[in-house]
Structure formats: structure tokens, C-alpha cells
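This briefing goes through one protein structure, topic by topic. Please look at the structure first, then read the points below it.

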Amino acid sequence: MNKLLFAGLLLALPLSLAAAPQSVNVPLPAPSATPLAAPTAAPTAAAAFAQLDPAQQRQRRSDYAAWRALPEGERERIRQAAARFAALPADQQQRLRAQFQAQDQAFREGWRLGPQLGAEFPKLHGLFGFVPPQQRDAVLAVLRQLSPSQLAQLALVAQRTPPQERDSVRSAFLTVPAAERDTWLKRQAGQ
């Protein structure tokens, strides 16, 4: 199985679980004439969340925010990948989880951007891995507008850009109007 697919599968599971409400629909018992002990409620998502330590709670919140930031089409692709992943035998799921966890943290974090950007993130990391916080939303909006061929060209630009020029190239890219991006990308990629 190729690395991008299993990485996408692994990303899909925690994001889809964090995004899906977890509730249990328990039928009420029939009324009886004898008094019963106070029922113990099934654990709710809120109760389960409260049991997590603060770091795990922050991670869940972060996962959920990443999920909500994805376009619906990307979320659907992740849901489908999660279903395929869930259908795998448990030992294969565990193997894929272990392989994903063995990857570099930056690589794993890139998959939080969704299947399209996650696949290209290792190549885009040089230009977009350390974006100033005030630019993040604008950068993601622009990156999500790009076609797969534009992303491939931008990945080439990112890989060819020396570290000392990354900020200026990224800023220049962000100021290019959408109608002129193809031309800009081809010129920068040397095509």
C-alpha cells in the first residue's frame, strides 16, 4: 500500500472520530412497581472527554478544528478512507498506525490539512511549514484553491527555493491574483 494512502487512512480515523458525535441511544426501561437503584448513565462524549488529560483534550480540540476547517469534499474523502481503514483486519490497522507514527512529526501534521494538501505537504513544507500565524488562514485559502497540477508546480517551486528566499517567494505567491497563478507558477518552476 503506498505511503500516501496509508497516511491518509490513518489521518482519517482520528479526525473522523473526533468530528463524529459519540452518543449512545439507550432505551428506557419499562416502568416497574418496584423501586430500582439509580441508573448509571452510559458514558457520553462529554464525560469521556472530561476523563482525558489536558494534553489529550488540547489534541482533540485541535483535531476537531482541523476537521472543521476542511472543505466538505475533503471530509467526505476522509470518511470514505476511514470506512476502508475500519474494514481492514485489526493487525493490518495496527501495522499502518505504527508506520504512520514512525513518520516525522511535520509529515504527520501535514495530513491534518486534508488529503489533497496532505499528499503534497512534505514537498510544500519548505515554503509553508512555518507560516506566521497572521498569514495561516490566507495561505490555506489560496492553497485550497489550487488544482493538482498547480500544487505540483508549487511543490517544485518550494523545493527549489533557498531558505533565505522562502519568505519573499511565499509573499509574492500570495499576492498573485488567481487568474495569473498559472503563469506565475510556470515561470517560477522554470517551465
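Pro 162 is partly exposed because its relative accessible area is 26%; buried means under 20%, exposed over 50% and partly exposed in between, with a 1.4 Å probe and protein chains only. This is a predicted model, in which local features need pLDDT of at least 70 and side-chain atom pairs count only at pLDDT 80 or more, while totals for chains, interfaces and linings use all residues. Residues are numbered from 1 along each chain as its sequence is written, and side-chain values use heavy atoms, with hydrogens and water left out.

**Around Pro 162**
- Pro 162 sits in the loop between H9 and H10.
- Its C-alpha atom is separated by 8.8 Å from that of Gly 126, and the two residues are 36 residues apart along the chain.

**Overall make-up**
- The protein has eleven helices and zero strands; helices (H or I, at least four residues) and strands (E, at least two) are DSSP runs, numbered from the N terminus.
- Of the 191 residues in the protein, 32% are buried.
- Among contacts (heavy atoms within 4.5 Å) between residues at least 6 apart in sequence, 70% join residues at least 24 apart.

**Two buried arginines**
- Arg 170 belongs to helix H10, residues 166–175.
- Arg 170 counts as buried because its relative accessibility is 4%.
- The side chains of Arg 170 and Gln 135 make a polar contact at 3.5 Å. Such a contact is a pair of N or O atoms within 3.5 Å; within protein, one must be able to donate a hydrogen and the other to accept it, and residues adjacent in sequence count only if both atoms are side-chain atoms.
- Not counting residues up to four places away in sequence, Arg 170 touches Leu 127, Phe 128, Phe 130, Val 131, Pro 132 and Gln 135.
- Arg 75 is part of helix H4, residues 72–86, and counts as buried because its relative accessibility is 13%.
- Leaving out residues up to four places away in sequence, Arg 75 touches Trp 67, Arg 68 and Leu 70.

**The largest nonpolar core**
- This core has 22 residues, and those with the most contacts inside it are Leu 127, Phe 128, Leu 143, Leu 154 and Phe 173. A nonpolar core is a set of buried Ala, Val, Leu, Ile, Met, Phe, Trp, Tyr and Cys residues joined through side-chain atoms within 4.5 Å.
- Helices H7 (115–128), H8 (136–145), H9 (148–160), H10 and H11 (181–189) each give two or more residues to this core.
- Among the residues that Phe 128 touches, not counting those up to four places away in sequence, are Phe 121, Arg 170 and Phe 173.
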